[in-house]
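Please examine the structure shown below, together with its sequence. The paragraphs that follow begin at the surface and then turn to the sheet and the helices beside it.

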Amino acid sequence: MTDLFGKPEPAAPLADALRPQSLDEVVGQRHLLGPGKPLRLAFESGKPHSMILWGPPGSGKTTIARLMAKAFDAEFRALSAVFSGVKDIREAVQAAEHTLATSARRTILFVDEVHRFNKAQQDAFLPFVERGLLTFVGATTENPSFEVNSALLSRAAVYVLEPLSPADMELLLSKTEIRIDDEAKARLIGFADGDARRLLNAVEILLNTGVEKVDAAFLEQTLAKNLRRFDKGGEQFYDQISALHKSVRGSDPDASLYWMLRMLDGGADPLYVGRRLVRMAVEDIGLADPRALRVTLDACETYERLGSPEGELALAEATLYLAVAAKSNAVYEAYNAARDFIKADGTRPVPLHIRNAPTRLMKNLGYGKEYRYAHDEDDAFAAGESYFPEGMPAVEWYRPTERGLEEKIRMRIQELRRRNAEAANKRR
């Protein structure tokens with residue numbers, strides 16, 4: 001094909017060339033697009049509505065928005081919250097008004113990465129959504145409960161998209177012209193990690209080499225920077241996570257730093273590493289040093305604000321803190337023990353004396369009767385009081401260690417249990 005000046009037009013990227021033209025061509029998201037499923041029914045209703053599409057990169061958010069415009073014969077306009085501001089929103093609104101006036105067509109306004117807009121920018125859409133001038137479709141990789149303001153969220157349905165499964169990725173590969181052996185295919189699918197765009201961009205790179213058939217060695221060589229040490233879908237991914245976690249648990253700061261940087265150097269999402277550090281703070285340190293949880297959360301927030309490479313230093317600081325912190329899995333063990341008990345146990349009623357009694361009827365039924373307000377007792381502790389359901393066996397799920405802050409917690413619990421025992425003996 002040529003442009004207006006007779007010059008050859010550049011070929012569309014493979015990801016665009018293979019973009020589905022109908023719902024039936026969409027790979028993945030069957031829980032939303034299959035027969036009788038929510039988005040399929042929304043398309044078939046003939047009445048477009050505003051929505052938030054929440055899902056990871058390459059899961060089909062843009063594709064669904066484009067298909068929505070096609071299904072409802074609406075004008076499709078797209079904004080990226082990374083590059084746009086209130087001025088761009090105003091221009092999109094003016095264009096929508098012109099389209100409605102001249103052709104009676106409504107506009108689907110697609111806002112990619114809507115979570116990057118601030119509250120004022122998000123509020124700018126509201127009057128036009130309420131008037132019906134725009135059907136708003138926001139795409140986000142972040143939880144909209146936290147990143148989209150409540151006013152906009154209340155006017156839009158939220159649909160959760162999932163990463164493409166390995167079977168979905170294999171189906172997508174079959175739509176391309178690539179010839180690839182089974183080992184290389186598995187590596188490529190693991191590299192894409194559920195991201196259709198990433199898969200197709202990699203396929204395009206491989207096709208442009210002109211090789212007849214791709215094997216694992218050629219794949220490794222061609223995509224060396226991304227594949228050399230960190231396969232997000234393969235065994236090395238889990239091995240390196242395990243190595244980082246065990247190094248932190250083993251209190252080796254240098255090994256912990258090594259494995260964290262190996263993961264980042266190999267292409268791991270820094271925020272994924274941050275989430276793993278948060279898990280370690282809870283599972284392996286817990287109340288022995290409760291500051292560890294705050295340090296890891298602060299590191300994640302710092303990375304979100306600064307990005308790479310500056311934000312990675314905060315992750316390194318958190319990793320080193322976790323490695324040298326006092327260790328305890330007492331919270332983790334208590335949680336698991338209590339959860340297992342509750343799963344196996346029956347439903348026990350809340351004792352009357354600790355039920356809330358906001359009405360006279362409830363008070364007459366004995367709700368809250370004989371409840372002892374701990375702050376009115378010596379040392380703010382109601383010795384001998386029970387807060388478990390009647391007939392519940394005695395349990396001691398949380399057993400603090402003698403390390404870090406938990407040593408003080410352990411001594412405090414021992415003292416409170418001694419006072420409970422004394423109070424029980426006095427009743428006999």
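In this predicted model, a nonpolar patch on the surface is formed by Val282, Leu293 and Leu297, which together have about 200 Å² of accessible area. One of these residues, leucine 297, belongs to helix α18, which comprises residues 291-306. Leucine 297 has a relative accessibility of 34%. It is therefore classed as partly exposed, because that category lies between buried, under 20%, and exposed, over 50%.

We now turn to the sheet. In general, the strands of a sheet pair through backbone hydrogen bonds, and the pairing is either parallel or antiparallel. Here, five strands form an open sheet in the order β2-β3-β4-β1-β5, and their pairing is parallel. From one strand to the next, the twist averages 20°.

Strand β2 runs parallel to β3 (residues 107-112), and six bridges join the two. Within this pair, arginine 77 stands opposite leucine 109 of β3.

Helices also pack on the sheet. Helix α4, residues 61-71, touches β1 (51-54), β2, β3 and β4 (134-140). The direction of helix α4 makes about 175° with that of β3. Helix α5, residues 86-103, lies across β2, β3 and β4, and helix α5 runs at about 180° to β2.

Key:
Residues numbered from 1 in each chain as written. Predicted model: local features only at pLDDT ≥ 70, side-chain atom pairs only at ≥ 80, totals over all residues. Heavy atoms only, no water. Patch = residues over 30% accessible without salt bridge, like charges linked within 9 Å, V, L, I, M, F, W, Y side chains within 5 Å. Areas by Shrake-Rupley, 256 points an atom, 1.4 Å probe, with all protein chains shown as cover. Salt bridge = Lys/Arg side-chain N within 4 Å of Asp/Glu carboxyl O. Helix = DSSP H or I, 4+ residues; strand = E, 2+ residues; numbered from the N terminus. Buried < 20%, exposed > 50% of the residue type's maximum accessible area, 1.4 Å probe, protein only. Pairing = 2+ DSSP bridges. Axes fitted to C-alpha atoms, helices over the stretch in contact; angles between N-to-C directions. Contact = heavy atoms within 4.5 Å.
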